[in-house]
Amino acid sequence: MIRNEEETNFSRQEKFRVETFIVIMDKLDICLLKRLEKYNDLDRKSGFLTYFKSMTEKEIVDMAKYLGKIYPDDLDYDIFPEEMIHFTKLVDEEDEEGKIKMPPALKCLQIIHDNKLNSVFPNVEVAY
């Protein structure tokens with residue numbers, strides 16, 4: 001470490017702030033940015049599963065194909081987009097004002113299970 005000829009004398013509190021607190025905060029900032037990047041990546045891949053009601057059919061198909069390309073061993077690339085379109089027509093939930101709203105992911109999965117639609121929407125089930 002290169003030091004100036006005159007070394008600065010910090011109080012204990014200031015020394016703690018400079019040598020410990022700021023270092024920890026910098027590390028925390030870096031970790032949170034990395035986590036945010038990962039969440040954004042996850043949203044780009046599969047976020048449409050939680051907001052498909054606000055998307056056009058073409059957007060749903062495009063996102064389903066994209067997810068199918070990422071997970072070819074789990075999702076059938078050719079069938080999954082069509083399944084998603086049919087599933088979006090099945091899933092309608094209304095809010096207090098009677099407007100159609102997007103049900104949470106768990107509710108979508110429950111719809112498949114409760115109505116025994118596993119064989120009708122196998123790829124949608126896997127995606128959720």
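Guide: Helices are taken as DSSP runs of H or I with at least four residues, and strands as DSSP runs of E with at least two, each numbered from the N terminus. With that convention, N123 is found in helix α5, which covers residues 122–127, and this residue is the part I will examine. The model is a predicted one, in which local features need pLDDT of at least 70 and side-chain atom pairs count only at pLDDT 80 or more, while totals for chains, interfaces and linings use all residues. Residues are numbered from 1 along each chain as its sequence is written, and side-chain values use heavy atoms, with hydrogens and water left out.

N123 has a relative accessible area of 8%, so it counts as buried (buried means under 20% relative accessible area, exposed over 50%, and partly exposed in between, with a 1.4 Å probe and protein chains only). Where contact means heavy atoms within 4.5 Å, and leaving out residues up to four places away in sequence, N123 touches D74, L75, D76, I79, F80 and E83. Two of these partners lead further into the structure. F121 lies in the loop between α4 and α5 and is buried, because its relative accessible area is 7%. Although F121 and E83 are 38 residues apart in sequence, their C-alpha atoms are 6.0 Å apart in space.

A nonpolar core is a set of buried Ala, Val, Leu, Ile, Met, Phe, Trp, Tyr and Cys residues joined through side-chain atoms within 4.5 Å. The largest such core has 19 residues, of which F48, F52, F80, M84, F87 and V124 touch the most other members. Helices α2 (57–70), α3 (80–90) and α4 (105–114) each supply at least two residues of this core, and the largest share, four residues, comes from α3.

Side chains of opposite charge can pair when their charged atoms come close. A salt bridge is a side-chain nitrogen of Lys or Arg within 4 Å of a carboxyl oxygen of Asp or Glu, and a search of the whole structure finds five of them. One of these joins E57 to K89, with the closest N and O atoms 2.9 Å apart. Because E57 lies in helix α2 and K89 in helix α3, this pair ties together parts that are 32 residues apart in sequence. E57 is partly exposed at 42% relative accessibility, whereas K89, at 54%, is exposed.

Other pairs are local to one helix. K45 and D41 form a salt bridge whose closest N and O atoms are 3.2 Å apart, and both residues lie in helix α1, four residues apart, or about one turn of the helix. D62 and K58 meet in a salt bridge at 2.8 Å, N to O; they share helix α2 with a spacing of four residues, again about one turn. D62 is partly exposed, with a relative accessible area of 37%, and K58 is exposed at 58%. Salt bridges that share partners join D41, R44 and K45 into one network.

At the scale of the protein chain, there are five helices and two strands, running α-α-α-β-β-α-α from the N terminus on. The radius of gyration is 24 Å, well over the 14 Å that the globule rule gives for 128 residues, so the chain is more spread out than a compact globule (this radius is taken over C-alpha atoms, and the rule is 2.2 Å times the number of residues to the power 0.38). The C-alpha atoms fill a box of roughly 75 × 40 × 25 Å along the principal axes. Of the 128 residues, 20% count as buried, and N123 is among the buried residues. Residues 24 or more positions apart account for 50% of the contacts with a separation of 6 or more.
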